Amino acid sequence: MKTKQEWIIGNCFDRLPELEDDSVDLIITDPPYNVLQLEWDKQETDWLELAKELHRVLKLHGSIYIFGQMPMMNDVFNSFDHYFKFRQDLVWYKNRGFSLSDTTFTKHHENILFCVKDINNRLVD
């Protein structure tokens, strides 16, 4: 069985319209968190519209992993819940913490939402 692997890199709002319906097996996204006062992190995102487009391109048995942190992840969860089935929250623990501010605690993790299109999607068959 021959499989096709293709990485699509870029702004998802630019690249998603290029994709056919039900054509993607796996989506991994690390969108701007909107928590820093840095230009690359400031982006107003219509999470509900993004969820709709990702749902359109994801295959029935596909999975999506969304990296982020609070409070942005709350908005993501509430929007994606309209289109996807929440499967699990994951934590990426980092040995070295980071903080770009002297007014917040150092973070040692990132949150990851694991969602599926079909709740019967199994991790192991």
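Threonine 45 sits in the loop that runs between strand E1 (24-29) and helix H2 (47-57); helices (H or I, at least four residues) and strands (E, at least two) are DSSP runs numbered from the N terminus. The model is a predicted one, in which local features need pLDDT of at least 70 and side-chain atom pairs count only at pLDDT 80 or more, while totals for chains, interfaces and linings use all residues. Residues are numbered from 1 along each chain as its sequence is written, and side-chain values use heavy atoms, with hydrogens and water left out.

With a relative accessible area of 15%, threonine 45 is buried (buried means under 20% relative accessible area, exposed over 50%, and partly exposed in between, with a 1.4 Å probe and protein chains only). Neighbours within four places in sequence aside, threonine 45 is in contact with Phe13 and Leu50, contact meaning heavy atoms within 4.5 Å.

Turning to the rings, the structure contains four aromatic pairs. Rings of Phe, Tyr and Trp (its six-membered ring) pair if their centres lie within 6.5 Å; planes under 30 degrees apart count as stacked, over 60 as edge-to-face, and the rest as tilted. One of the pairs joins phenylalanine 67 and tryptophan 92 edge-to-face, at 5.9 Å centre to centre and 90° between the planes. Because phenylalanine 67 belongs to strand E2 (residues 58-68) and tryptophan 92 to strand E3 (residues 85-98), this pair ties together parts 25 residues apart in sequence. Phenylalanine 67 is buried at 17% relative accessibility, whereas tryptophan 92 is partly exposed at 41%.

Phenylalanine 77 and phenylalanine 86 also form an edge-to-face pair, because their ring centres are 5.4 Å apart and their planes stand at 75°. Phenylalanine 77 is partly exposed, with a relative accessible area of 29%, and phenylalanine 86 is partly exposed at 33%.
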